[in-house]
Amino acid sequence: MPTASLFSHLTAQLSKVVERLFKLTYYPYLATSLAFGPRQFAYTTGRGARDALAVLALTWLKALAVGRKIAVYCSDVSGAFDRVCLRRLSAKLKKKGIHPKIVAVLVSWLQQRFARVVVGGASSKMMELTNMVYQGTVTGPVLWNLFFEDARHAINENFFEEIVYADDLNAYRIFTADTPNIIIKSCLDTCQQELHKWGAANQVAFDAGKESQHILSLSDPLGDEFKMLGVIFDTSLSMAAAVSELVSAAGWKLRTLLRTRRFYTEADLVILYKAHLLSFLEYRTPAIYHATRAVLTRLDAVQSGFLRDIGIDEVTALVNFHLAPLSTRRDIAMLGLIHRTSMGKGPQQFQVFFRKTSDGRSLVDPRRESTSPLIKRSALGLVAIYNMLPPRLLAVRSVSAFQKSLQEYVIMFAASGYPQWPDVLSPRLALVTHPLATHLHTLVAQ
């Protein structure tokens with residue numbers, strides 16, 4: 001008898017094994033045919049939340065750089081996995097071209113069940129579970145993505161683009177700078193109403209109290225800050241609030257770690273820092289990469305302060321522990337995204353931002369199309385840096401190997417005593433005197 005917790009539907013391991021085996025009969029087809037929609041980033045091979053953040057940030061920055069306004073609508077589904085009409089899901093599976101026998105098995109698996117809540121050894125009364133895809137199971141996320149896929153049509157029919165992460169659907173539409181906010185607000189209201197109509201038809205409820213509307217603009221923004229995929233955005237994309245929240249949360253994590261330092265060596269502390277803080281600090285990189293130095297300095301101080309407290313300088317951390325400054329790691333992370341796109345891998349949305357020149361030898365530099373500081377200090381500005389990298393490095397067919405080589409170049413600059421070594425991959429330095437163009441060849445030759 002399966003049991004349910006407050007967080008997920010718990011099933012036996014044997015059941016999960018059977019689910020994984022059965023998933024092989026239909027998931028590859030759904031994935032290759034984009035059955036979950038072109039902009040669903042959750043539970044999908046080769047995509048993730050960071051990709052979704054990068055697509056949003058690059059799209060919005062490119063629009064703001066030319067003075068556009070961006071209408072943003074954030075929606076929230078109430079009890080997503082628990083509100084899936086089995087009859088409608090069955091119809092959608094058949095419409096996607098899934099074999100009737102596979103549909104029959106899935107429908108049978110989703111039939112009414114009984115469960116109980118168990119807390120501290122005490123059990124509730126048995127309850128009926130029906131019309132849901134059972135969160136916490138192997139099959140549940142796939143079926144939810146398929147069920148939720150056509151919600152995007154309500155968005156698209158109103159000229160909004162969607163970014164979806166599981167049940168987190170956010171929509172945006174770009175307007176000209178002279179469009180009055182009252183008109184944009186009307187379009188946002190219509191978009192919300194149409195999505196709610198889809199919800200009513202599919203027995204999906206949206207939590208109006210958690211929905212929000214915003215207008216992004218450098219000159220005429222409207223609305224409060226909002227959280228999307230765990231990151232706080234402000235209506236001018238300064239990202240100051242996001243960095244402030246991150247620094248605050250990282251502060252107590254770091255203090256907790258440092259309280260144990262008398263039990264560990266310096267090397268152990270660095271390993272613990274990498275394990276418990278680094279991924280937390282870097283999740284927001286695609287969204288905050290373009291922020292000004294004044295904003296990002298507070299974040300960079302988290303790691304530099306940690307190294308200072310344990311008595312390690314930044315060069316030693318880089319050479320001995322392969323721990324580059326956070327600013328350098330952000331450059332390497334976004335260059336990795338560009339390289340993945342250049343190889344034709346990853347979400348297709350990035351092909352719009354990082355496209356090859358007609359001769360295929362380099363990427364089109366967005367700086368030639370816009371002189372905006374937003375473009376220069378964003379991942380779009382990194383294209384110029386990517387084009388300066390040695391051809392043998394650009395020929396590497398693995399993103400991890402590519403990023404490892406980038407770090408080795410940074411180590412060479414640091415070991416040579418170059419004063420700006422943390423910025424050797426940064427687009428914020430002048431291109432004419434950029435160290436990649438003026439010093440890299442000499443260092444490699446040595």
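Select His322: its relative accessible area is 46% and it counts as partly exposed (buried is under 20%, exposed over 50%, partly exposed in between, with a 1.4 Å probe and protein chains only). His322 has a positive phi of about 55° although it is not a glycine, and sits in the loop between helix H13 (314-321) and helix H14 (326-342). Helices (H or I, at least four residues) and strands (E, at least two) are DSSP runs, numbered from the N terminus.

The model is predicted: local features need pLDDT of at least 70, side-chain atom pairs count only at pLDDT 80 or more, and totals for chains, interfaces and linings use all residues. Residues are numbered from 1 along each chain as its sequence is written, and side-chain values use heavy atoms, leaving out hydrogens and water.

Next, go to Leu237, in the loop between strand S12 (231-233) and helix H9 (240-258). Phi of Leu237 is near 55°, again a positive value in a residue other than glycine; Leu237 is buried, at 4% relative accessibility.

Now show strands S8, S9, S3 and S10, which form an open antiparallel sheet in the order S8-S9-S3-S10 (two strands pair if DSSP finds at least two bridges between them). S8 (161-165) and S10 (212-216) are the edge strands, each with a single partner, so one side of each has no neighbour in the sheet. Inside the sheet, 6 bridges join S3 (residues 69-74) to S9 (residues 168-175); pick Ile70 and its bridge partner in S9, Ile174.

Finally, select Leu14 in helix H1 (residues 13-23). Leu14 is exposed, with a relative accessible area of 64%.
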